[in-house]
Amino acid sequence: MSVVRNKILILFAHPSLERSEVNKPLFNASLRHQDVTAIDLYREYPTFDIDIEVEQQRLLDHDVIIFMFPLFWYSTPAILKQWQDLVLEYGFAYGANGTALTDKVFFCVTTAGGAEAAYQQDGYNHFTLRELLHPIEQTANLTHMKYLPPFALFSSRNAAEQGRITEHVDQFISLLTACAEQRLDIQHAATLPLLNHALTSAHTPLTGE
Amino acid sequence: MTGYFIDAFIYLCAAVIAVPLAKRFGLGSVLGYLVAGVVIGPIVGSENTNSLQHFAEFGVVMMLFLVGLELEPKKLWEMRNRLMGLGGLQIGLTTAIITAGGLFFDLGWTVALTIGLIFALSSTAIVLQTFNEKNLTKTEGGNNAFSVLLSQDIAVIPMLALLPLLALPELVAQAQHATAQAAEHHEELSLVAGLPGWAYAGVLLLAIGFVGVGGHYLSRPLFRYVASSGLREIFVATSLMLVIGIAALMSLVGLSPALGAFLAGVVLANSEFRHELESNIEPFKGLLLGLFFITVGAGIDFAILGENLLVVIALTLAVMFIKALVLYVLALIFKIKNSDRWLFTLSLAQAGEFGFVLLSFTVQNNILPGDIAKILLLVVALSMFLTPALFIFFDKVILPKFEQTENQREADEITHQGSVIIAGVGRFGQMVNRFLRANKIETVVLDSQVSQVDNLKKINVQSYYGDATQPDLLHTAGISKAAMLVIAIDNKEAAIELTKYVKHTYPKVKIFARAFDRGHHFELKHAGADFIVSETYHSALELGKEALISMGVHPYKAEQKKTTLRRLELSYKDSLFDLWRNNTEDSKYSIHFRELFIELENAIAKAMKSENVDEQAKVERGWTPPPKNYLDDFKD
């Protein structure tokens, strides 16, 4: 049992929260987690006027960085791109002295309208979710972070009707706790297509001794 | 004369001591007045009490006028289903069961029916007051209870009109015999005495028509004329004149003054002078109603209570049980769920102040024998005494049970938005009001210029005449329940005073204020305003930005420059404010302040001018490209 708990930063982007069915409960549950700082970017920067200083300090203060968003055109909503463009500065996140993010763990938490079967080579989206998020993966690599595959919910438009949300939220909260208690096998998880089953797959000890 | 002073002093003294005590113990002011009455009853004697009670009943007339004022005809129409269904059934069923009970005990049907009607009513004063104190008004149970109370208040009017038909012949004969001698001394003034039936009906219709039409068309020019004089006490006098005049007219034609006042209230509910009227009448109503409750308390006959103690207690419990049962069944039928069902059931299970009114009314009109009325009076009072206990039971026993199950649901996102009061509706306030209204936020708009209120009326914006800096007007506009007060009045000093007053008296109400300049801005902030905007700041910046664009600056760059300037202003604002505050009253803008202000100006100039990427980066660093030679970093 590790004494030091990892601190987790969730950067949440949803431009029409009042219509959200999955992301909102996910975000609200994260807000209540003791190891998490959860930031609603659209709430904090309604005019996209992102405060670079504040955001860089937040990154420095945390060990695990998470983007949480609904998948828009195989990528993040605009404000998360704006955030990357502004905050990941030369000399901070990359370049000669840009080592501020070294060894932090990074992953995306996203929801996709399409079914999981569509995100395959022979599905209508032709690429897996992990492949589609390659630009973000490479951004993490260039900024010396440890990239993990996305934690995702597919067919999200009918998740509420099918009652899949509670289980998904619970799963995410256990993942957060595992990250905080450093129980997640990072090396093994990095090889998976999705993070959803990282806790239950064979390599990870369930009780973090 | 001396006797009046002494009596008045005793009454006021009892109220001053008992009412705050009752409130402190969570019993509500009505019980305080009743207790005060019980205590002073033996001191002032029953004869005095009776004559005072007639006078105090005018408080009920005023209360009905105010109830009417709260009821816009449109709102009333929207609630018709709840009022007729829920309220109508409650009154009907309760009356039926209690009447049946009365018949079972061998009372005459007219007496039994009268008792049923009296006990069907609940206490608007206690229940609404308690809902307010416990923040239950906006719950489903609270809403439904309000509709029932409202239908009861309305039902009182036909009851007052129709109950005299139930008069007992033998009591009437007695009364006539008794008044025959007195009649020689003074005859009641009446316009309709001795008129044939058709003429009487005609006069009645004329009188009611006069209240309706006159209230709608004559009151407005009158109020405007009085308001333009700017004399507040004359406006108060006008309000009183109106209510008393209507009461007098109704008495002259033999109708209930309460009915007339209610009608006049409904007619005036749409008037822009509504809040001003309310705040003028409210203190008189409060005092007279208080006096009325005191006289009721003073009228409690302890000899009768002692003799009939068990009967009174048994009757009270039976009445409350029957009322609760009817309410619970209705809650089932109307699908009021969980804790709301219990709130609805328990909150209305008492008899009310209208019970007192009806009791004294029915005795006067020879409908109920006096000895029965005296016992019933005790039952009504006791059930009101017990109401706080029911609320405590709800809080401590019912609510915890439901909280657990209700918490397991997905957290409720619907948070009630309290209304916003907008003080001052000139160019600035109007814009704010339009924006909020368009987004379905309830606003109450006040302005002290009649012409301004008139102008708004022409474009269908409802606003009220009145000086927002008057505490009692703010109160009737609902400041104690409002979420926010927007201050956009033209008087700079008054805006600051208003901010101080509201922040001190209603700390929960947010204040958003419009400032004229930097000094005013700081003073408002010092007074406690939550958000302040200088009226010209944003428009000036916007014009400046457009000017930059027109001079050839790329629009997106111009927008960023504007953002940067705003951010710099913001970062200096706190230190400028601190300096301003620490300086003495007479030299707010000291040397330090000026120095800091110049520093801000320089910082802005530097940020705007700078072409150097690195220097610019400190304030305007967004999208700074990596250095030209940065590829070298990646050569390992």
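The questions below go from the interface to chain B.

This is a predicted model, in which local features need pLDDT of at least 70, side-chain atom pairs count only at pLDDT 80 or more, and totals for chains, interfaces and linings use all residues. Residues are numbered from 1 along each chain as its sequence is written, chains are lettered from A and ligands numbered from 1 in the order in which they are written, and side-chain values use heavy atoms, with hydrogens and water left out.

Me: What is the area buried between chain A and chain B?
Reply: Contact means heavy atoms within 4.5 Å. By that rule, 17 residues of chain A are in contact with 13 residues of chain B. Buried area is the accessible area (1.4 Å probe) that two parts lose on being put together, summed over both. Carbon and sulfur atoms give 51% of a total of about 1200 Å².

Me: Which residue of chain B forms a salt bridge with A:Asp49?
Reply: A salt bridge is a side-chain nitrogen of Lys or Arg within 4 Å of a carboxyl oxygen of Asp or Glu. The rule finds one across the interface of chain A and chain B. Its closest N and O atoms are 2.7 Å apart, and the partner of A:Asp49 is B:Arg567.

Me: Is B:Thr95 buried or exposed?
Reply: Not counting residues up to four places away in sequence, B:Thr95 touches B:Leu113, B:Gly116, B:Leu117 and B:Ala120. Buried means under 20% relative accessible area, exposed over 50%, partly exposed in between (1.4 Å probe, protein chains only). At 8%, B:Thr95 is buried.

Me: Which residue caps the N-terminal end of helix 23 of chain B?
Reply: Helix 23 of chain B covers residues 492-505. A polar contact is a pair of N or O atoms within 3.5 Å; within protein, one must be able to donate a hydrogen and the other to accept it, and residues adjacent in sequence count only if both atoms are side-chain atoms. Here a side-chain oxygen lies 3.1 Å from the backbone nitrogen of B:Glu493, and the capping residue is B:Asn491.

Me: What share of the residues in chain B is buried?
Reply: Chain B has 28 helices and six strands. Of its 636 residues, the buried share is 46%.

Key: Helix = DSSP H or I, 4+ residues; strand = E, 2+ residues; numbered from the N terminus. Expected span 1.5 Å × (residues − 1).
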